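Trainee: Could you walk me through this model, one feature at a time? I would like the general idea, then the case at hand.

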Amino acid sequence: MLQNDRESLELDRLMNESRKLRAERQKHLAEVKKLNRETNLYPLAVLGAVVTAITAVAGVYFKF
């Protein structure tokens, strides 16, 4: 009986650990997806900043 309880507790512990690892994996996959999306949008943000800077310089140049 005692051995059966011990095995049951060990099995419960392993199942809980498995659930925890699965949740961590899902969290990491979501972070990877977010970082990939940000990596793809970064060049667009830089291009927007460059266009804005060129427009500002051209506006100042043609105003005076």
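This is a predicted model: local features need pLDDT of at least 70, side-chain atom pairs count only at pLDDT 80 or more; totals for chains, interfaces and linings use all residues.

Trainee: What span should helix α1 have, and how far apart are its end C-alpha atoms?

Mentor: Helices here are DSSP runs (H or I, at least four residues), numbered from the N terminus. The expected span is 1.5 Å times one less than the number of residues. Helix α1 covers residues 2-63, and its 62 residues should span 92 Å; the end C-alpha atoms lie 89 Å apart, which agrees.

Trainee: Where in α1 does the kink lie?

Mentor: The bend at a residue is the angle between axes fitted to the seven residues ending there and the seven starting there. In α1 there is a kink of about 30° at Leu 41, shortly before the proline Pro 43. Leu 41 is partly exposed, at 49% relative accessible area; that class lies between buried (under 20%) and exposed (over 50%), with a 1.4 Å probe and protein chains only.

Trainee: Which residues make the nonpolar surface patch?

Mentor: Patches join residues with over 30% relative accessible area and no salt bridge: nonpolar side chains (Val, Leu, Ile, Met, Phe, Trp, Tyr) within 5 Å, like charges within 9 Å. Here Leu 41, Leu 44, Leu 47 and Val 51 make a nonpolar patch of about 390 Å², an area from the Shrake-Rupley method with a 1.4 Å probe.

Trainee: How many salt bridges does a search of the whole structure find?

Mentor: Side chains of opposite charge can pair when their charged atoms come close. The cut-off puts a side-chain nitrogen of Lys or Arg within 4 Å of a carboxyl oxygen of Asp or Glu. The search finds 1 salt bridge, joining Arg 13 and Glu 10 at 2.7 Å, N to O. Arg 13 is partly exposed at 46%, and Glu 10 is partly exposed at 37%.

Trainee: And how do I read the aromatic pair?

Mentor: A pair of aromatic rings is described by the distance of the centres and the angle of the planes. Rings of Phe, Tyr and Trp (its six-membered ring) pair if their centres lie within 6.5 Å; planes under 30 degrees apart count as stacked, over 60 as edge-to-face and the rest as tilted. This structure holds 1 such pair. The rings of Tyr 61 and Phe 62 have centres 5.2 Å apart and planes at 75°, so the pair is edge-to-face.

Trainee: Are Tyr 61 and Phe 62 buried or exposed?

Mentor: Both Tyr 61 and Phe 62 are exposed.

Key. Residues are numbered from 1 along each chain as its sequence is written. Side-chain values use heavy atoms; hydrogens and water are left out. Helices (H or I, at least four residues) and strands (E, at least two) are DSSP runs, numbered from the N terminus.
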